[in-house]
Amino acid sequence: MSGDGTARVVILGGGFGGVSAAKELEHSDADVVVVDRHDYHTFQPLLYQLATGLLEATAVGHSLRDLLQGQKNARVHQASVTAVDLDAHRITFDDLEPLEYDYLVLGLGAEVNFFGVDGAAEHAFPLYTLGDALRLKEHVLDRWEATDRDPELVDDGALNIVIVGGGATGVESAGALAELYRGEFAKDYPGVAPEDARVILVEAGPELFGMFKPKLQEYAEKALTDRDVEVKTGEVVASVEPTKVTLKSGETLKAHTLVWGAGLQGNPLVQSLDLELQRGNRIGVGPDLTLPDHPEVYVVGDVAAITDAKTEQVLPQLGSVALQSGEHAGKEIAARLQGKEPKPFAYKDKGTMATIGRGAAVVQMLGGRTKKGVTAQLAWGTVHLALLPTNEDRAKAVVDWSGAALTHQRVGRIITTTSEE
Ligand SMILES: Cc1cc2nc3c(=O)[nH]c(=O)nc-3n(C[C@H](O)[C@H](O)[C@H](O)COP(=O)(O)OP(=O)(O)OC[C@H]3O[C@@H](n4cnc5c(N)ncnc54)[C@H](O)[C@@H]3O)c2cc1C
């Protein structure tokens with residue numbers, strides 16, 4: 001309870017889940033407190049576009065204070081959650097006084113899972129945060145600049161990139177990196193032969209895009225190979241070193257860059273909650289998204305294992321699931337504050353989609369209908385523009401995408417954070 005007796009809703013995590021929950025509470029009689037370790041909301045689906053210079057950081061990260069500025073009943077704090085005491089309704093932070101709550105929305109997301117692969121935590125480049133995307137971009141640029149100064153680095157694999165994971169993150173990153181390599185970099189560094197800068201995608205399963213129908217899988221593989229991506233399916237990464245990747249088959253790939261797009265696990269904080277966790281460290285929730293023994297706690301987005309009432313399958317870790325589950329939590333809390341009965345969550349499937357490169361994308365709808373190519377890319381663009389948090393972000397993305405489509409230019413291909421002066 002806040003000082004004036006208003007019910008306090010604490011929202012942990014300012015991702016799709018947390019922000020949409022907060023917005024739904026705007027007209028409720030609640031004191032809404034949003035806490036995130038960053039002062040910004042990250043639009044993860046576009047991280048690969050930041051990593052390849054297609055978008056700038058402000059198009060992918062949006063100030064949380066700005067997003068909730070007009071909402072009189074909401075406050076934002078930047079702090080890291082260190083513990084949640086579900087029985088005492090109390091949260092502790094690294095650098096903020098503890099907070100007590102009447103309702104809690106847990107939207108702390110997921111983080112990379114290296115599955116214990118030797119050297120991956122030290123040397124791989126994951127792609128889950130804004131910092132990850134900037135680090136990858138600057139590392140790749142740094143390798144090209146270093147090779148420009150010392151062309152012998154080519155023989156050490158300085159320009160080669162290995163991407164692990166044939167799901168959306170891996171395929172989207174491979175396609176975008178290949179377009180960057182064969183497009184802008186070919187012009188920026190005319191002395192480098194294409195075979196000296198390889199983009200290699202490694203997937204453990206028998207095909208890419210396991211979640212899509214075979215005809216979309218074949219289309220995606222062809223779209224990648226057309227872009228000069230070498231696809232290795234049925235191969236598992238055994239170890240990662242700074243300049244070399246070893247596969248379980250024994251093959252070694254010289255590469256100074258390994259992008260990890262192979263796995264997720266729920267936020268590590270969930271392990272301290274004394275709850276039974278489901279696959280991938282996700283918290284199982286009831287039909288209304290609350291914890292079975294804690295009806296005042298809603299779990300939303302990537303950290304939740306939500307069973308779809310229609311299909312009886314656990315919903316995937318997607319932006320639309322996070323957004324809709326967050327909205328549900330916000331609406332439900334607002335309704336309960338007015339004395340209304342809780343309602344179950346109903347997910348509206350807008351299709352599964354991924355983009356491979358310019359003019360190449362795939363979409364699979366719930367009923368099994370599919371789209372590919374430019375039509376699929378337009379559908380992808382429409383759905384992702386709708387997920388962006390503000391009209392200003394949408395306008396910025398449209399300008400950058402249109403610019404890139406017309407001129408093939410990558411506005412953001414400069415090193416800023418690692419340069420000395
Ligand atoms: C590279 C990539 C590409 C993707 N592409 C797509 C796509 O094309 N389409 C799609 O629908 N989905 C896509 N997704 C998935 C989608 O982005 C996620 O499902 C969605 O972001 C989950 O939202 P969330 O609110 O649950 O978590 P997040 O967006 O991860 O938000 C969690 C928040 O919690 C904060 N946090 C974490 N730990 C702490 C702590 N201890 N203290 C305080 N704050 C903390 C984080 O800073 C973060 O802001 C992609 C994901 C990735 C990584």
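The model is a predicted one, so to speak of local features a pLDDT of at least 70 is needed, side-chain atom pairs count only at pLDDT 80 or more, and totals for chains, interfaces and linings use all residues. Residues are numbered from 1 along each chain as its sequence is written, and side-chain values use heavy atoms, with hydrogens and water left out.

Start with the parallel sheet. Five strands make up this open sheet, in the order E11-E18-E12-E13-E14, with parallel pairing. Strands here are DSSP runs of E with at least two residues, helices are runs of H or I with at least four, and both are numbered from the N terminus. Two strands count as paired if DSSP finds at least two bridges between them. Strand E11 (125-126) and strand E14 (229-233) sit at the edges with a single partner strand each, so one side of each has no neighbour in the sheet. Moving to the E14 side, strand E13 (residues 199-203) pairs with E14 in the parallel sense over five bridges, and Ile-200 stands opposite Glu-230 in E14.

Two helices go with this sheet. Helix H7 (residues 168-188) packs on it, touching E12, E13, E14 and E18, and makes an angle of about 170 degrees with the direction of E13. Contact here means heavy atoms within 4.5 Å. Angles run from 0 to 180 degrees between N-to-C directions, with axes fitted as lines to C-alpha atoms, for helices over the stretch in contact. Helix H6 (residues 130-149) lies across E11, strand E12 (161-164) and strand E18 (257-260), and runs at about 160 degrees to E18.

Four bridges hold E15 to strand E16 (residues 244-247) in an antiparallel arrangement; Glu-241 has Lys-244 in E16 as its bridge partner, while Val-240 has Val-245. The hairpin between E15 and E16 goes through two residues.

Now for the ligand. It is surrounded by 28 residues, the closest being Asp-36, Val-81, Asn-267, Asp-302 and Gly-319; a residue is near a molecule if one of its heavy atoms lies within 4 Å of it. By type, the shell splits into nine nonpolar, 16 polar and three charged residues.

A polar side-chain atom of Gln-44 lies 3.0 Å from one, and an N or O atom in the side chain of His-38 is 3.2 Å from one. With Gln-317, a polar backbone atom is 3.4 Å from a ligand oxygen atom. Taken alone, the ligand exposes 1,000 Å², of which the protein buries 93%; areas come from the Shrake-Rupley method with a 1.4 Å probe. Helix H1 (16-24) and helix H9 (319-337) are the elements that give two or more residues to the shell, and H9 supplies the largest share, three residues.

How values were computed
A polar contact is a pair of N or O atoms within 3.5 Å; within protein, one must be able to donate a hydrogen and the other to accept it, and residues adjacent in sequence count only if both atoms are side-chain atoms. Ala, Val, Leu, Ile, Met, Phe, Trp, Tyr, Cys and Pro count as nonpolar, Asp, Glu, Lys and Arg as charged, and the others, Gly among them, as polar.
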